[in-house]
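Student: Hey, can we go through this one together? I'd like to know what to look at.

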Amino acid sequence: MGAVSRELCAVSREPDRQVLLPLCSVLGRLTWSENREDMLSSKSNRLTEALEEANQLFSGVSCAREAALDAQFLVLASNLGKEKANELRSEITTFDSLTFAEDLLTFMGINRTETEGNDSDSESMSGGYLPSNAWYKLGEEAEKYFRRAPSFHYMLGSFKSEPPVPRQRIERQRKAPGGEGKRAMPAQLKKMEESHQEATAKEVERILRLLQTLFRNDPHTPISFFDLVVDPNSFARTVENIFHVSFIVRDGLARIKLDDDKLPVIEPVQNVEERNDDHSTRARNQVVISLSHEEWREIVETYEITEPMISPPDSIEDEMETA
Amino acid sequence: MSQRKRSRGSGLTQGDDEDFSVVPTQSPSQVQRNLESRSQEEIDRKVTELVQFLLVKDQKKIPIKRVDILKKVIREYKDVYSEIVNRAGRTLQQVFGLQMVEIDTKHHIYILTSTLPRVEGENLKQDIQTAKLGLLIVILSFIFMKGNSAKDSAVWEFLRRLRLNPGEKHKVFGDVKKLVMEEFVRQKYLEITPIPLTDPPEFNFQWGPRAAKETSKKDILSFVAKVGAYGGSPFFFFFFFFFFFFGGGGAEGRP
């Protein structure tokens, strides 16, 4: 390719049509893709012929435009030359991509059946059914050859920035008033509170009747406080029971004391006189009971409480409760 | 010591870009002084933020630019950048078994790779990423066997034999062409360059920098041999020998 080594002529004159046209045609031949395969085939000398032809033409190159074409030709030809060299090399090493493809299909678990009349492609493709997990199976094998960092994802999902819907909050407060003190209820609930108080009074009444029934059956044994109030199925109900029982004690209808084992027991106050006496003469005792979830669990285990003594009421509100 | 507070409300103006394109080079004593001017908690917090940032950014396997790290995480702590990055690297290694690898030294672009050896056993999580890796290894193997670069026509002809058609919607991969030509390229697994002066335009397929860091020619050769052995083809024993002992069969890197 002697063209480039020649000096570019500074004289601007009309490009010689004798040189330009055939040069363009050689260039065109090289660019046209249909020809490429032919050019690149190891069996053909077409590339070499084109090169020689261009080389001869370049002896006539003497102005800038022709030289530019010359340079372009150089680039193109060298690309083709490189490709041809590649092709040659792969032929020597005989990488059989067809066999490799077949082996891959085998690995992926292809089910080769000869019976089905597969859609005939012009390329002879092997028939067979590729299972749906084919690529997953291959991917699983592939992972062994990569040092890919596993994708990081939070296990429990990402944090949602919107605050919870207020409606839920209201319902929760209605469910568990708690002996630990009433929570401040939002203004909207004032209307509900009255019916809530009625419900409380009803509950208290119910528990009192239960207590009196239990005692009638066995008047001389005080009932263990925890056996009475603890509901092994619900911590919230346990707290509610304590709350309701506290009303009974406050009104003097029952009395809590410690037995010989220093465990709290409850017994109803039978005597009407005693009741009245209690209010005026006897000293009032105030007790604060705190009960944690864990403590509740321990009591359930220690006392072996399997069933609640105070059965859950079947009022509408409590139906909405989720234990 | 009060620090210049950067208002987070300000958008990405030209000024911000200029500030974060350069990291000051400092002497060790300068770095030490800068470190001392900040509390331990502040630095630790930045390290944690950086680790989280890197992990989340790596989810889609798009390489991470240092410019983004500076702009979105480091911000006003630019003067202790190197210390933060070092500590973050230690955390990544010790806690996650990962490391930050630079794949572009000019523009400072990083990826995360695993430093732990692969354990034999069933992969617990098999999702679309697993399937895509299967496709990727096939393409990388083909490119490697073709002497580290292959023409797109050859690649697609090969893939067609595996029931993958660039024009059709595939049951697993959907738009295969988009996956190969765009996603794998964006993730830097493949490098696809147009061949000059071709009409209609043709492309050259090569390994991308991520592929070079996450696997190796030896690994891919093992894979090819394993698959070949699976099919019982004798060819592969031949050129397993040939390639293994005589190198990759082509120029390392760009031809």
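Student: What counts as a patch?
Tutor: Patches take residues with over 30% relative accessible area and no salt bridge; like charges are joined within 9 Å, and nonpolar side chains (Val, Leu, Ile, Met, Phe, Trp, Tyr) within 5 Å. A salt bridge is a side-chain nitrogen of Lys or Arg within 4 Å of a carboxyl oxygen of Asp or Glu. The areas are Shrake-Rupley values with a 1.4 Å probe, and for residues only the protein chains shown count as cover.

Student: Before I go on, what kind of model is this, and how is it numbered?
Tutor: It's a predicted model, where local features need pLDDT of at least 70 and side-chain atom pairs count only at pLDDT 80 or more, while totals for chains, interfaces and linings use all residues. Residues are numbered from 1 along each chain as its sequence is written, chains are lettered from A and ligands numbered from 1 in the order in which they are written, and side-chain values use heavy atoms, leaving out hydrogens and water.

Student: Which residues gather in a patch of negative charge?
Tutor: Glu294(A), Glu295(A), Glu298(A) and Glu301(A), also on the surface. Glu301(A) sits in helix H12 of chain A, residues 293-302, and is exposed, with a relative accessible area of 62%.

Student: Where is Lys262(A) found?
Tutor: In the loop between strand E2 (254-258) and strand E3 (264-268) of chain A. Lys262(A) has a positive phi too, near 65°, and is exposed, at 64% relative accessible area.

Student: New topic: is Asp70(A) buried or exposed?
Tutor: Buried, with a relative accessible area of 5%. Asp70(A) belongs to helix H4 of chain A, residues 64-93.

Student: Now sheets. In what order do the strands of the open sheet in chain B run?
Tutor: E1-E3-E2, with antiparallel pairing. Strands E1 (64-65) and E2 (98-104) are the edges, each pairing on one side only. Two strands pair if DSSP finds at least two bridges between them. E2(B) and E3(B), residues 109-114, have 6 bridges, and Asp104(B) stands opposite Ile109(B).

Student: How many residues of strand E8 in chain B are buried?
Tutor: 4 of its 5, so E8(B), residues 203-207, is mostly covered.

Student: Which strands does E8(B) pair with?
Tutor: Among them are E4(B), residues 150-151, over 2 bridges, and E7(B), residues 190-194, over 5 bridges. Both pairings are antiparallel. Ala150(B) stands opposite Phe205(B), and Glu191(B) has Gln206(B) as its bridge partner.

Student: What's in the loop between E7 and E8 of chain B?
Tutor: Pro200(B) is found there, and the peptide bond from Asp199(B) to Pro200(B) is cis, with omega near 5°.

Conventions. Lys, Arg positive; Asp, Glu negative; His and termini not counted. Charge placed at Lys NZ, Arg CZ, Asp CG, Glu CD. Buried < 20%, exposed > 50% of the residue type's maximum accessible area, 1.4 Å probe, protein only.
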